[in-house]
Amino acid sequence: MDVKPIIAHHIVFCTYGFWLPNDPRGSWSEHVFSVALQPFGDATKVNTKHSRAHDSHDHRKRIDAKKRLMFSPMRFNGQQALAVAHAFEDVVAGIQLPVYACSIMPDHVHLVFQRHERDTAMIVRHLRGKATMMLNERNLHPFENQHTPWAKGFWDVFLHDENEIRRAIHYVNQNPVKDGFKPQHWRFITPYQ
């Protein structure tokens, strides 16, 4: 069986408190390290690649767990999202990363970008780190730099061909619209040919 090479990535990373390790819909976590969250059950490890966001679940349990977090769940306002976008623009230009789509939602980020010589985890760390610095510089850091605005980890969906890339771009571009926000148009986007 031929294995197709990875030519692009659809990356998703979340803000603090968005998706807990014991979320009733499942998670990719294997442990619940937070003592405050342990009463809400063990980690709900799943191996699926598709979104579980719309799975039926116990909403009250999820909300009650979020109330036990050390900080309130992070939700970007418009100014904060713009600061994050400016940080991403700096990183993209600095490492010459072709980004085909990006949506910065209140509690998570989607990016579709071309495979790069740098490790994907390093790129994500760089994006999040620069965004946190930008939030600090503009006095927009929600936790006054006492805690990161980002959750640990990220999802990386490998894209192997043009159709997969186009589907991911469409999904990412529609993400704000389906949640009632305006379409997003960032200067650092490279049109996919």
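**View 1. The protein chain as a whole.** Of the 193 residues of the protein chain, 44% count as buried, where buried stands for a relative accessible area under 20%, exposed for over 50% and partly exposed for values in between, with a 1.4 Å probe and protein chains only. The model is a predicted one, in which local features need a pLDDT of at least 70 and side-chain atom pairs count only at pLDDT 80 or more, while totals for chains, interfaces and linings use all residues. Residues are numbered from 1 along each chain as its sequence is written, and side-chain values use heavy atoms, with hydrogens and water left out. The protein chain holds 4 helices and 4 strands, taken as DSSP runs numbered from the N terminus (helices: H or I, at least four residues; strands: E, at least two), and from the N terminus on their order is β-α-α-β-β-α-β-α. Among the contacts in the protein chain with a separation of 6 or more, 69% are accounted for by residues 24 or more positions apart, a contact being heavy atoms within 4.5 Å.

**View 2. Helix α2 and its ends.** The 18 residues of α2 should span 26 Å at 1.5 Å a residue, and the end C-alpha atoms of α2 are 26 Å apart, which agrees; the expected span is 1.5 Å times one less than the number of residues. The buried residues of α2 include A81, A83, V84, F88 and I95, and the buried residues of this helix pack against β1 (8-14), β2 (99-104), β3 (108-114) and α3 (120-137). At the start of α2, a side-chain oxygen of N77 reaches to within 3.0 Å of the backbone nitrogen of Q79, whereas just after α2 the residue Q96 takes a positive phi of about 55 degrees.

**View 3. The surroundings of Q80.** Q80, whose place is in helix α2 (residues 78-95), is buried, with a relative accessible area of 8%. Leaving aside neighbours within four places in sequence, Q80 is in contact with M74, R75, L135, L140 and P142. For L140, the backbone oxygen lies 2.9 Å from a polar atom of the side chain of Q80.

**View 4. The two sides of helix α3.** In α3, the residues T120, I123, V124, L127, R128, A131, T132, M134 and L135 are buried. They cover an arc of only 165 degrees around the axis, which puts them on the same side of α3; the arc is that of the directions from the helix axis to the C-beta atoms. R125 and E137, on the other side of α3, are exposed. The buried residues of α3 pack against β1, α2, β3 and β4 (155-159). D119 caps the N-terminal end of α3, with a side-chain oxygen 3.2 Å from the backbone nitrogen of A121, and just after α3 the residue N139 takes a positive phi of about 55 degrees.

**View 5. The hairpin of β2 and β3.** β2 and β3 form a hairpin with 3 residues between them. The two strands run antiparallel and are joined by 5 bridges, where pairing requires that DSSP finds at least two bridges between two strands. V99 has F113 in β3 as its bridge partner. β2 is mostly covered, since 6 of its 6 residues are buried.

Methods. Polar contact = N/O pair within 3.5 Å; in protein donor to acceptor, adjacent residues only side chain to side chain.
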